[in-house]
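Here are my notes on the model, in the order I'd go through them on screen. Have it open next to you as you read.

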Amino acid sequence: MATSQWRLIASICFLALAGWNTKAVSAETDKPPFYQVQWQGKSAYLLGSIHIGRADFYPLPTQIETALGKAKGLVVEVDMNKADSNALLHQYGRADKTKGLDWQSRDIQTVESMTPYCAATANVCQSIQSFAPWLQATQVNLIRYNNLGYSTDYGVDMQLIARHAALPVYQLETAESQFQLLASFDSKAQWSMVREAISTSDADLLSLIAAWRSGNEAELDSIMQQQMGSEGDTEMLEKILWRRNHVMADGIIKLMGSSKITSPLFVVVGAGHVVGDKSVVQLLEQAGAKVSACWKQTCE
């Protein structure tokens with residue numbers, strides 16, 4: 001599997017969301033969620049990102065590029081360059097008949113959904129049959145985004161790591177923890193991910209990008225709540241967003257408090273983690289940090 005394909009795993013929760021606006025704008029006029037964090041004399045910048053993109057995302061808006069120029073370290077969810085992707089795939093991404101996670105174990109609803117899709121894209125279906133359903137869903141979404149002109153090669157976190165290679169890189173999670181998380185969902189939930197990946201319209205796939213580029217945080221939060229908490233089931237919200245928000249907020253505070261790490265830091269995490277009333281932003285404020293929204297307040 002190409003390395004670039006693994007870069008999408010941390011953001012599977014973003015890949016089947018609703019509400020959109022297809023009008024493309026230059027990166028300079030974008031206003032993605034962007035904050036300054038101040039805590040005990042230390043400072044950090046916090047950017048809500050997406051893990052796919054296009055060349056016209058860059059350079060990022062001047063205020064963000066200026067902050068990057070000041071940064072003494074880059075903080076990401078996971079630095080996939082340090083992960084053993086093949087080993088993780090073997091352990092967490094393979095079909096498992098004993099858990100109902102193989103091609104023959106698909107329920108009727110999933111078979112009915114996949115049959116017309118596979119008739120039109122037989123090569124795709126053939127290539128993903130040996131994967132666990134959560135990874136099948138990731139691959140389908142990745143391929144669909146590629147067909148729409150978006151690539152993980154232009155994902156914000158990966159671009160920043162590549163463009164600022166001289167900066168030390170710190171990660172808030174491990175690749176294995178993210179694989180474990182996605183593999184922890186039962187067969188019902190995982191096959192639902194596959195159906196969602198297939199049935200979501202192109203317009204809906206583009207919705208996250210439009211909300212991110214316009215900085216519409218209310219829409220971003222609404223998208224997450226509606227799609228990940230459908231039918232009153234909050235398991236996905238709890239596991240993929242809310243619990244991880246605590247890990248990320250605690251990690252940011254720990255890095256900022258370290259005497260071995262020079263500030264300011266530049267932190268980039270998925271946009272869904274910085275919006276809503278259980279967000280990393282809210283948790284940082286609860287921990288005593290001052291957080292300023294840089295499009296609304298002055299950030300130094």
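1. Pro59 sits in the loop between E2 and helix H2 (62-70); helices (H or I, at least four residues) and strands (E, at least two) are DSSP runs, numbered from the N terminus. The bond joining Tyr58 and Pro59 is a cis peptide, with omega at about -5 degrees. Bear in mind that this is a predicted model, where local features need pLDDT of at least 70, side-chain atom pairs count only at pLDDT 80 or more, and totals for chains, interfaces and linings use all residues. Residues are numbered from 1 along each chain as its sequence is written, and side-chain values use heavy atoms, with hydrogens and water left out.

2. Ser263 and Pro264 are also joined by a cis peptide bond, omega about 5 degrees. Look for Pro264 in the loop between H13 and strand E5 (265-270).

3. Now the sheet: six strands, open, mixed pairing, in the order E4-E3-E5-E2-E1-E6 (two strands pair if DSSP finds at least two bridges between them). E4 (169-171) and E6 (290-293) are the edge strands with a single partner each, so one side of each has no neighbour in the sheet. From one strand to the next, the twist averages 25 degrees.

4. Zoom in on E1 (residues 34-39) and E2 (residues 42-49), an antiparallel pair with six bridges. Phe34 is opposite Leu47 in E2. In the loop between E1 and E2 you'll find Gln40, whose phi is near 50 degrees, a positive value in a residue other than glycine.

5. How many aromatic pairs are there? The count is nine, where rings of Phe, Tyr and Trp (its six-membered ring) pair if their centres lie within 6.5 Å, and planes under 30 degrees apart count as stacked, over 60 as edge-to-face and the rest as tilted. One of them is Phe34 with Tyr45, stacked at 6.0 Å centre to centre and 15 degrees between the planes. Phe34 is in E1 and Tyr45 in E2, so the pair ties together parts 11 residues apart in sequence.

6. Last, the helices. The axes of H8 (residues 175-183) and H13 (residues 235-257) come within 11 Å and cross at roughly 145 degrees (axes are lines fitted to C-alpha atoms, for helices over the stretch in contact, with angles from 0 to 180 degrees between N-to-C directions). Gln178, Leu181 and Leu182 in H8 meet Lys239, Ile240 and Arg244 in H13, contact being heavy atoms within 4.5 Å.
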